[in-house]
Amino acid sequence: MRQRFWSTSSARVRIVVALALFLYLTFLRTRHISETFWLLGDQILYWRIALGPWDELPLGGGPSSVGGTTLGPAFVWTMWGIRHLVGPWVDNLPHAGGIGLSVIQSLADAFLFIVLWKRFASPALAVGVTLLIASAPYDMALTATIWNPPLAVAFVKIAIAFILLGGQDPSLWSDAAATGAAVLAVQSHSSAVFFAAPLAASLIARDVLANRLHRVVQYVLSAGIIVLALEAPFLLDRALHPEKRTTPPVVVDNVLFTIGHPDTFRPAAAFREVADANAFILLRPWELDWFAPLLTVCALVTAFRTRHDIALAAITYVPLVFAGVGFSFWQQAFNHYWFLTIAPSAALTVALAATAWQPLAPVAATCLALLFAVAQPSRLSDSMTMHRLPEYGPLVRGSQEIRRRVTEVRGIETEFELPPSSDRQFVFEILGGRVTPTAPLRATIEKTGRVRFVQAE
């Protein structure tokens with residue numbers, strides 16, 4: 001009875017701390033979002049889709065930046081849900097999408113925090129890993145926009161949490177939940193395949209090595225059902241529109257070229273980018289020129305520590321290896337955001353390596369937690385320097401003022417510059433205004449957000 005009381009008490013403490021962490025991270029990610037939302041072409045495209053009726057949502061995947069479509073509709077359907085849950089609170093303005101994604105990311109962080117604490121019996125380790133991942137400036141900046149990589153990261157963290165929750169002898173349900181989250185991560189952004197593939201393979205290999213063949217059959221059947229159910233919209237869309245190009249031509253061309261020219265295989269460049277991208281994602285505003293050898297050593301230590309737990313290995317250092325091998329086929333420049341989906345694995349790899357020696361594990365975990373707790377102000381400041389559009393606030397206030405005074409204008413100009421892919425009229429149209437060639441007035445939004453009208457000629 002006493003043991004059950006303390007167990008229940010500990011669970012309550014974890015939930016309370018996780019709730020506080022959720023609120024804190026949501027605040028960080030949405031800070032000043034109504035003034036600095038990154039309203040560029042991709043955000044406008046996705047929010048237009050979210051503003052439409054449900055029967056006009058893409059049945060298959062959404063548009064991909066490397067051509068083709070994503071491997072499922074998880075992101076565009078999620079944005080449509082956010083538009084209906086969050087949008088009405090902010091006049092359906094685009095930054096509602098950033099708020100919704102921030103909430104989803106913070107929920108995933110809170111869940112991962114609870115599971116880390118429970119699995120490793122270390123609140124310090126849970127705090128350190130969660131802050132390392134969740135308060136990464138690049139991740140925070142992108143999460144406050146309407147873009148699919150952060151949603152993929154949220155699903156990756158959920159999948160990691162279910163694997164950790166299952167432990168060495170997991171239930172079929174925890175394996176199924178981890179697999180489902182991994183599939184949704186791949187649907188959201190294809191780079192998550194470097195995480196999802198080793199995860200699924202490890203769950204089969206673990207039971208094969210333990211001679212639990214009945215579990216292998218059960219998992220394969222359940223995973224097949226999950227994948228088929230989650231990919232059903234994509235597969236149906238393919239059947240209805242066989243002419244649609246869904247595979248990314250840039251990726252296919254790079255892979256085929258490398259296969260045809262083996263001398264162009266780039267493992268050194270790819271693994272160097274794995275380290276550089278994770279340093280950029282996880283450590284900013286700090287810069288560590290020696291992060292690549294540090295990550296290599298951490299991966300080796302974690303590989304030794306997880307030698308008897310293949311599922312734990314599959315969510316720590318193995319995705320880094322898969323990404324390095326996979327991107328060795330890439331012949332063009334790398335983008336750091338492609339590696340966001342393996343950043344949680346890199347963070348966990350470093351944390352497990354730092355706490356591998358049990359006598360010093362509590363000290364190492366405490367240092368990790370304190371380091372990233374103290375770094376919060378600088379990391380928050382750094383996140384405000386990336387993927388922000390300070391002109392968004394004046395654009396919104398000006399558009400609202402125009403809409404209050406008239407229902408249509410001949411055109412909208414601004415005294416401030418906007419990126420080429422942005423749209424001065426988009427916010428006004430969301431608010432119910434129209435831009436027509438016969439309207440009697442033109443509007444100009446000043447830098448303060450004030451509006452002046454002139455007679456259209």
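In the predicted model, Thr 302 is placed in helix H14, which spans residues 291–305. Thr 302 has a relative accessible area of 0% and is therefore buried, the cut-off being under 20%. The side chain of Thr 302 reaches the backbone oxygen of Thr 349 at a distance of 2.8 Å.

Ala 323 belongs to helix H16, residues 318–326. With residues up to four places away in sequence not counted, Ala 323 touches Phe 194, Val 274 and Ile 342. Between Ala 323 and Val 374 the C-alpha to C-alpha distance is 31 Å, at a sequence separation of 51 residues.

Helix H14 also takes part in the second largest pocket, as one of the helices that each supply at least two residues of the lining; the others are H13 (267–283), H17 (343–354) and H18 (361–374). The highest contribution comes from H18, with five residues. The volume of this pocket is about 330 Å³. Its lining consists of 16 residues, and those nearest the centre are Leu 294, Val 350, Leu 368, Leu 371 and Phe 372. By residue class, the lining of the second largest pocket comprises 16 nonpolar residues, with no polar and no charged ones.

Conventions
Residues numbered from 1 in each chain as written. Predicted model: local features only at pLDDT ≥ 70, side-chain atom pairs only at ≥ 80, totals over all residues. Heavy atoms only, no water. Helix = DSSP H or I, 4+ residues; strand = E, 2+ residues; numbered from the N terminus. Buried < 20%, exposed > 50% of the residue type's maximum accessible area, 1.4 Å probe, protein only. Polar contact = N/O pair within 3.5 Å; in protein donor to acceptor, adjacent residues only side chain to side chain. Contact = heavy atoms within 4.5 Å. 1 Å grid on protein atoms, 1.4 Å probe; cavity = no way out; pocket = protein on both sides within 12 Å on 5 of 7 lines; lining within 4 Å. Points joined across faces, edges and corners; volume = space filled by probe spheres on them. Nonpolar A, V, L, I, M, F, W, Y, C, P; charged D, E, K, R; others polar.
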